[in-house]
Amino acid sequence: KSLECIFTNKGHDMKRKELVDLSFELNNFLLSEHLIQSEKPNTALFCIGKACIIYIRRFIYTIFLNVLKHGKLFRGKSYYKKQYDLKNIFFAPTLNNQRALEDIIQKTNCYFLIDDIKDNNKYPIIQVYLISLKTFIFIIRKYLSLENGKKKNIIGNELINYILTCGFYYVDFYICQNVKIRSLIVSNDHTNFNRAFVKAANEKRIITTYIQHASVADYYPELKFTYSFLDGLDSLYKYASCHKTLDNTTVILLGAARYDSLAQKRQVDKKMKYAIGIGINILDDEKIIEDISHRLSTAFPEYKVIIRAHPNWRKSIHIYNSNISFTSAYDESIDVFLNKIDVLIANDSCIHLDAIKFQVPTLMYTFSKLGFSDQYSFVNSKLVKYIRSYEDLEKIIVDKSFYIPADDIIRLFDNSYKREYEGNVSLLIANIINEDFDKTFYSQLKLKQITDGRISYFQTSEC
C-alpha cells in the first residue's frame, strides 16, 4: 500500500493513524521483552511522567544536534538510489550485527553495507528525523490515551523508539519503492529499525534474509523473511513455538556463521593462563560484579580477573585491585578475550556459546538482583551448568571440575559444530546470496529438505 500521500491534506488522518499503529506493532517485541523482565522480583521501572519528559526532551535534542551536524551534508533521493541500486544491502547498525555478518560480507558480490544509521552518507537519517517530527504529536497522543499501568510505563520509557519507527518505516518504504535492491540482509529480527526496513522490503517483494547474530528465546517474534539462516534446531523450535508459524519463511539450518573465525582460531593450547574471565551485560548489577570479582581475586591471588562488557553496557565498574582489569567488545574481539582466560563466568548470556565454541570452560552464575534466568535454554538443554552459590563457584575453580557438554548438545545451538564445513558457514551463505537464492543451486551445496510435522527446513546432507 503506497504511503506517498501520508502527509497530504486529503485523507491524512487515516494514513497517519496507520503509520502510528504500525509503529506500536513494530515495537511489540520491545514491549513484550520488558513485560517478561518486569515479572521478576526487584524490577524497578521509572515513573511514567518522568520517563516521558526525559525521552521527549532527548528526542528533540537529538534531532537538533543531528540536523546541525549533518544538515550541510543533506543527501537527496538520487544519492541513495545510486548507492543502493542493484546491490545486496547489508543492514547492520550495531557492533554485534556487524560482527555476525562481516565474514559473509567479505564473500558477497555487489553489496552495500549500512553499518551506521547515523551516518547520512550511508542512510537517510535526516529524513527519518524529519518524518518522525510529523508524527511526533500523534505518537504522544496515543501513548497518553493508554490505560495507566505497567504497559504504559514501559512504552513511556521507550517512547523515542516508537516515535522514530514512523520515520524509519516511511523512509525505508520510499527506498524499497524507488530503488532496485537485489536483497536486504539483516542479523537482527526484533529491533524497530530492522523490523521497519524488513517490512517495507517485504511489501515491495524484495528478497529479505535473516542471519542470526546471537542465540534466541522462545518469545522472539515470528520470522517474516524470505529466507532465514538459523544456527540450529534450538532456534528452529523456538521460532516455531508460542503459536508462531514458519509458513512465511524458508529456513536453512547451516549453523552460526558468526563463529567461522572463532572455529578457525579455536584454542588448542591448553597451557594455563591463570586468568578468570567474567562476561557482563546490561542486565547485570555492577555492585554484584565488583563484589564477585574482588572475592575471586582474593581467593585466587595468582589469577588475573578480566571483566568483559557486552556492547550495550553503560554502567561504571570500580576496580581497586591491580589484579582485576576491564575490557569490552569495543576494545577487543571475543577470540582475543577468550584466548586470555582459563574459565569464563557469566550470567544468562550468549557469551557462553562463544566460550564453548572456543573450547574454554564456562559457568553460569547470577550477577543480577533479578535472580536466575535461562532465556536461551542453555541450562535446560544441558549446554551450560548453573552454579547456585559463590562457595560452589570457588570449589569448581579450585578442583577444575568443569562441565563439558556433549557434541550433539552443542549442535542444537550451532549445527556446523565439528562437521566438515565448520568454519565455512559464511562461504555457503554468501554463495547462496551470490546465486540470487536460486534453489537449483541447493543441490550443489548438498542441501536437503527435512519435514518434521509442521516444521520444514533445509540442511546439508552431512547432518
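Trainee: Is K418 buried, partly exposed or exposed?
Mentor: K418 counts as partly exposed, at 42% relative accessibility. Buried here means under 20% relative accessible area, exposed means over 50%, and partly exposed is in between, with a 1.4 Å probe and protein chains only. Keep in mind that this is a predicted model: local features need pLDDT of at least 70, side-chain atom pairs count only at pLDDT 80 or more, and totals for chains, interfaces and linings use all residues. Residues are numbered from 1 along each chain as its sequence is written, and side-chain values use heavy atoms, with hydrogens and water left out.

Trainee: Where does K418 lie?
Mentor: In the loop between α16 and α17 (425–434). Helices (H or I, at least four residues) and strands (E, at least two) are DSSP runs, numbered from the N terminus. K418 has a positive phi, near 55°, and is a residue other than glycine.

Trainee: What is the phi of K400 about?
Mentor: About 55°, again positive although K400 is not a glycine. K400 sits in the loop between α15 (390–399) and α16 (407–413) and is partly exposed, with a relative accessible area of 45%.

Trainee: New topic: at what angle do α6 and α8 cross?
Mentor: Roughly 130°, with the axes of α6 (residues 125–145) and α8 (residues 159–178) coming within 7 Å. Axes are lines fitted to C-alpha atoms, for helices over the stretch in contact, and angles run from 0 to 180 degrees between N-to-C directions. That makes α6 oblique to α8; angles under 35 degrees count as roughly parallel, over 145 as roughly antiparallel, 65 to 115 as roughly perpendicular and the rest as oblique.

Trainee: Which residues meet there?
Mentor: Among them are V128, I131 and F136 in α6, and L159, I163 and F168 in α8, where contact means heavy atoms within 4.5 Å. By class, this contact has 16 nonpolar, four polar and no charged residues. Ala, Val, Leu, Ile, Met, Phe, Trp, Tyr, Cys and Pro count as nonpolar, Asp, Glu, Lys and Arg as charged, and the others, Gly among them, as polar.

Trainee: And α8 with α9, at what angle do they pack?
Mentor: At about 30°, with the axes of α8 and α9 (residues 192–203) 8 Å apart. The two helices are therefore roughly parallel to each other. Their contact includes F168 and D172 of α8 and F193 and K199 of α9, and by class it has nine nonpolar, three polar and three charged residues.

Trainee: Which residues touch the most other members of the largest nonpolar core?
Mentor: Of its 96 residues, Y84, F91, I114, Y123, F168, L338 and L383 do. Such a core is a set of buried Ala, Val, Leu, Ile, Met, Phe, Trp, Tyr and Cys residues joined through side-chain atoms within 4.5 Å. Helix α8 gives the most to this core, with 13 residues.

Trainee: What does F168 touch?
Mentor: Leaving out residues up to four places away in sequence, F168 touches I117, Y123, I125, V128, N192, F193 and A196.

Trainee: Last one: is S368 buried or exposed?
Mentor: S368 counts as buried, at 10% relative accessibility. This residue is in the loop between β11 (362–364) and β12 (385–386). The C-alpha atoms of S368 and E286 are separated by 8.6 Å, although the two are 82 residues apart along the chain.
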